[in-house]
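Please look through the structure shown here, and then read the short report that follows on a few of its contacts.

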Amino acid sequence: MPELTGAIREAAKKLLDEKKVDVVIGFAPGSLPLRSTPCFVRRPEDAAGLLWNRSCENNLANYLRKRSDKAAVVAKGCDSRAIVELIKENQIDRENLFIIGVPCTGMIDRQKVARKLAGRELLAAEENGDNVILKGRDFSETVPAAELLHDSCLSCRHPNPVIYDLLVGEPLPEKEGVDFSDVNAFEAKSPAERRAYLTEEFSRCIRCYACRQACPMCYCEECFVDCSTPQWIGKSSEAQDNLLFQAVRVFHSAGRCADCGACERACPMGLKLHLLTRKMVKDVQELFGYDAGVNPEEKPALADFKAEDPQPFLIKE
Amino acid sequence: MIINKNELAGFLDRLRAGYQVYAPVKEKDYTVFKEIGSGEEATLDYCNSKIPPKGILFPQTEKLFSYSCGPDGARVEEHIDDRKKVIFGLRPCDAKSLVLLDNVFNNDKYQDPYYLTRRENTTLIGLGCNHPAQTCFCTSLGGGPFDTAGLDALLVDTGDKYVVEVLSDKGKALFSGLALPAAGDAERTAAAAVKEAATVDCLVNLNGLKEKLDVNFYDPIWDGLHEKCLGCAACTYTCPTCHCFDIVDDAVDADGCRVRNWDACMFPIFTLHGSGHNPRPTGKERFRQRVMHKFKYFVDNFNAMACVGCGRCIKNCPVNLDIRNVLAEIQGSEARSDK
Amino acid sequence: MKNLLEYMGVEEGRVNFSWVSAAEGGRFAEVVREVTEKVKALGPNKGLIEEQKAGCCECRN
Amino acid sequence: MRNPYLPLPMKLVKNFTETDDKLIHTFTLEFLSEADEASFKYTPGQFAELCVFGKGEAPFGIASSPTEPGHLKFSVAKVGVVSTALHLMEEGTIVGVRGPLGNSFPIEDFKGKNLVIIGGGFAFTTLRALTAYILNPANRGDFGKLTVIYGARTPGLLLYKEELAEWEKRDDIELVCTIDRPAEGWNGRVGFVPAVTKEVAPSADNAYAVICGPPVMIKFTMPELEALGFPPERIIMSLENRMKCGIGMCGRCNVGNKYVCKDGPVFTRAELNQLPNEY
């Protein structure tokens with residue numbers, strides 16, 4: 001990753017020196033091991049603070065909506081897909097955005113690291129090629145990075161940014177076909193099993209709305225959860241309402257969700273949100289052949305109508 | 001007194017005779033405080049819980065009262081929980097947070113019967129921290145791995161047993177009649193050694209912070225501090241000293257109940273007026289409010305910072321916005337003139 | 001939307017869509033009758049949304 | 001331990017439409033028992049949480065004065081869930097009242113002083129309570145000269161029209177009603193409240209000013225008061241914040257280190273100058 005970091009710093013410094021942009025939005029070292037944190041660089045000399053590693057898991061497209069200044073953003077594959085969708089929805093002015101594209105080899109999932117350490121505290125960590133060295137009070141283990149990546153990174157089909165002004169590093173080979181194994185596995189279960197699992201899972205939701213706030217596509221002025229006239233959904237943190245909240249949030253992301261997994265990564269309770277979000281992505285792909293944020297010219301699924309769109313859900317004569 | 005680790009489950013089952021026992025229970029990848037069905041479910045092998053034990057005295061969702069209303073009048077029925085409880089194995093920082101919350105729910109004009117009744121009937125048995133975590137900074141807030149503020153008893157883990165220090169009448173009442181073996185000199189010296197060895201590496205310089213916050217409300221430093229904050233409530237809902245709440249009615253026609261839910265200053269609707277005016281319209285004002293409330297307003301009112309240095313907000317922030325860095329940045333800038 | 005609801009455990013056939021033009025009065029009545037029968041056959045909703053008895057959630061006063 | 005969250009049941013006896021745009025109704029509530037009334041001792045300037053069973057609660061200033069026994073009056077604009085439910089409510093329905101909450105106008109400090117009461121739009125509720133309290137024969141002697149300046153956009157939007165008419169006839173109060181723009185059928189004063197305040201120019205010595213109204217009115221009237229010589233300690237304001245608990249715990253109305261519901265809603269200009277400009 002050091003060569004990517006160097007290239008990003010250089011690009012950022014150049015952009016700021018030439019006053020092409022007012023701010024470069026990228027990642028800086030975090031305050032905890034295996035954590036990086038979004039940062040806003042405005043002075044050329046601060047560009048040296050930028051870095052790129054396997055902990056740049058947040059979707060920076062979240063900070064690009066309705067910006068009044070000229071901004072540059074360091075974008076990995078899924079970030080760029082969110083940017084494409086936001087451009088289609090007139091949330092981003094393409095002229096005022098400079099995209100530094102970064103081919104992405106996947107981001108580390110802190111829940112998996114915690115599971116691997118089984119309660120032992122992670123005091124330090126180092127990325128060493130394709131391995132990650134985890135260090136603690138009285139242990140130091142080397143683990144292949146692939147074992148620690150987010151599920152959404154493992155099933156990712158677009159590691160290379162789909163849109164960029166400058167690409168740092170070499171494009172990575174793209175995997176063919178689609179991988180909805182997690183959704184298919186869950187779908188194979190009986191409705192009762194699915195309902196029981198989801199009810200238990202969402203009984204742990206604390207309604208902190210980190211999923212909504214972390215999602216670049218969730219930017220309604222007044223979210224339906226906050227409405228009181230009418231009150232669509234209960235405000236208490238109760239399993240049914242929590243599940244309904246997530247379901248309706250997923251309805252709103254139909255044909256827009258870039259499957260970046262930012263919601264699941266932001267969830268402090270580690271809920272498996274991808275079971276719902278990726279089901280919608282899979283349906284939209286199968287029904288309308290549309291993959292969000294991949295083709296800047298293609299009209300979004302819900303903004304277009306083709307005569308041959310399948311309608312299996314309609315009642316037949 | 002001492003409790004051998006292999007007898008811990010039995011001890012907890014005996015407690016369950018007289019109390020509802022809440023103890024740390026492993027759940028998925030974290031631990032939470034739950035009422036245990038049997039001693040086996042509890043585990044003291046944990047760093048700190050995901051949701052603080054404040055959730056036991058001040059639950060996220062709580063029915064205040066139910067009502068049914070007709071032409072002749074309204075029948076209102078309170079739901080006040082006065083059962084005897086034990087919170088077993090909580091960390092000293094969480095116990096101190098309850099002492100801070102007492103100021104809120106028992107202010108100079110009103111008392112909150114829901115919280116205070118539970119608080120009265122709850123005995124706190126703390127577990128000292130042999131190995132404080134990297135995110136802990138309790139000593140910067142006047143606390144410590146073996147601090148006893150707010151605790152009724154403290155357990156010191158000396159390897160194969162826990163040395164019990166009874167600290168209050170409630171603690172005495174709980175342990176009397178349980179006939180636990182007394183702690184000999186060996187155990188006591190072992191406990192002292194453990195206490196000595198426990199160190200908190202992270203120190204956050206807080207002196208002079210309040211004075212800076214007194215004058216830096218309009219300081220442009222706030223523009224940068226909040227920028228990456230997403231505006232979610234992951235930090236406030238996992239914070240042991242956050243206490244803001246919302247009151248809503250959950251009813252069908254005129255029968256229903258009034259429910260209290262946790263709420264957060266980070267949400268725009270928290271202060272949105274009916275007229276549409278919002279005193280805290282953007283994330284900057286809301287983020288500033290969170291810091292100001294904890295490190296200035298609470299100090300003005302109750303002479304203590306509303307933070308115990310448990311580090312949960314650091315661990316749970318989706319964008320790793322570390323409160324220690326925020327405070328250091330404020331400390332770093334010399335206090336600029338107000339307005 | 002129908003897929004997601006069924007995926008989440010709402011029984012098949014409880015959520016139905018149909019395309020009926022304003023002119024097709026007869027067909028509209030037909031579809032409504034058909035759906036009502038189908039849902040009645042499924043019985044009360046044990047699925048996603050917990051039943052809301054009189055009064056509020058659990059206290060059932 | 002008293003439960004400050006429990007509402008006191010009261011009966012809605014009058015649902016009166018105050019303004020011609022029908023957006024503001026005045027509700028008269030009667031206590032159900034002597035004991036209830038005895039437990040509800042309040043002073044002008046305080047507010048209460050009005051509970052509509054099945055809908056929720058909302059804070060409203062108490063418009064009636066303690067000198068008018070047996071009932072409480074609230075003037076409510078139709079804005080949200082609770083206020084809409086109130087507007088549609090039939091007389092005889094049972095509602096809940098929680099309070100009295102907050103501090104009140106500093107009646108003791110007002111004693112022996114002249115008073116200038118300036119209200120705008122529908123923020124005249126607690127000011128009406130204060131005025132009625134002062135005009136009550138038992139209290140009138142305690143206070144000096146009373147000037148009331150009350151403005152609204154149009155004549156139809158003035159609250160408590162009959163009472164205004166009565167007050168105009170009295171000689172122990174100088175009532176100045178004004179509307180923003182001329183309207184036919186109105187022969188009273190025309191002009192914005194700040195301008196009218198400048199014209200009336202009430203003297204500041206040994207006098208308090210009490211001002212409530214929309215932010216724009218306060219923004220332009222404040223300099224006038226300061227120009228007339230009113231020091232910040234003798235300018236009294238009442239804030240309107242989003243509130244839920246009303247007892248200084250839920251954190252919603254927190255401004256600076258004060259809770260508007262518990263430490264307010266009435267503040268002096270001097271106190272407000274200490275607080276951040278976040279209300």
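This is a predicted model: local features need pLDDT of at least 70, side-chain atom pairs count only at pLDDT 80 or more; totals for chains, interfaces and linings use all residues.

## Two domains of chain B

Chain B is divided into domain 1, covering 2-197, and domain 2, covering 209-332, and the C-alpha centres of these two domains of chain B lie 25 Å apart. Their contact draws 32 residues from domain 1 of chain B and 26 residues from domain 2 of chain B.

On the side of domain 1 of chain B that touches domain 2 of chain B, strand 4 (61-69) and helix 3 (92-105) of chain B each supply at least two residues, and the largest share, 9 residues, comes from strand 4 of chain B. By type, the residues of that side of domain 1 are 16 nonpolar, 10 polar and 6 charged.

## Helix packing in chain A

Within chain A, helix 6 (residues 191-202) packs with helix 8 (residues 239-252) at an angle of about 100°, their axes being 8 Å apart. Because of that angle, helix 6 of chain A is roughly perpendicular to helix 8 of chain A.

Helix 6 of chain A makes this contact through Leu198(A), Thr199(A) and Phe202(A), while helix 8 of chain A uses Ala239(A), Asn242(A), Leu243(A) and Gln246(A). The residues of this helix contact divide into 4 nonpolar and 3 polar, with no charged residues.

Terms used. Residues are numbered from 1 along each chain as its sequence is written. Chains are lettered from A and ligands numbered from 1 in the order in which they are written. Axes are lines fitted to C-alpha atoms, for helices over the stretch in contact, and angles run from 0 to 180 degrees between N-to-C directions. Helices (H or I, at least four residues) and strands (E, at least two) are DSSP runs, numbered from the N terminus. Angles under 35 degrees count as roughly parallel, over 145 as roughly antiparallel, 65 to 115 as roughly perpendicular and the rest as oblique. Two residues are in contact if their C-beta atoms, placed from the backbone, lie within 7 Å. Ala, Val, Leu, Ile, Met, Phe, Trp, Tyr, Cys and Pro count as nonpolar, Asp, Glu, Lys and Arg as charged, and the others, Gly among them, as polar. Domain bounds come from an automatic or database domain assignment.
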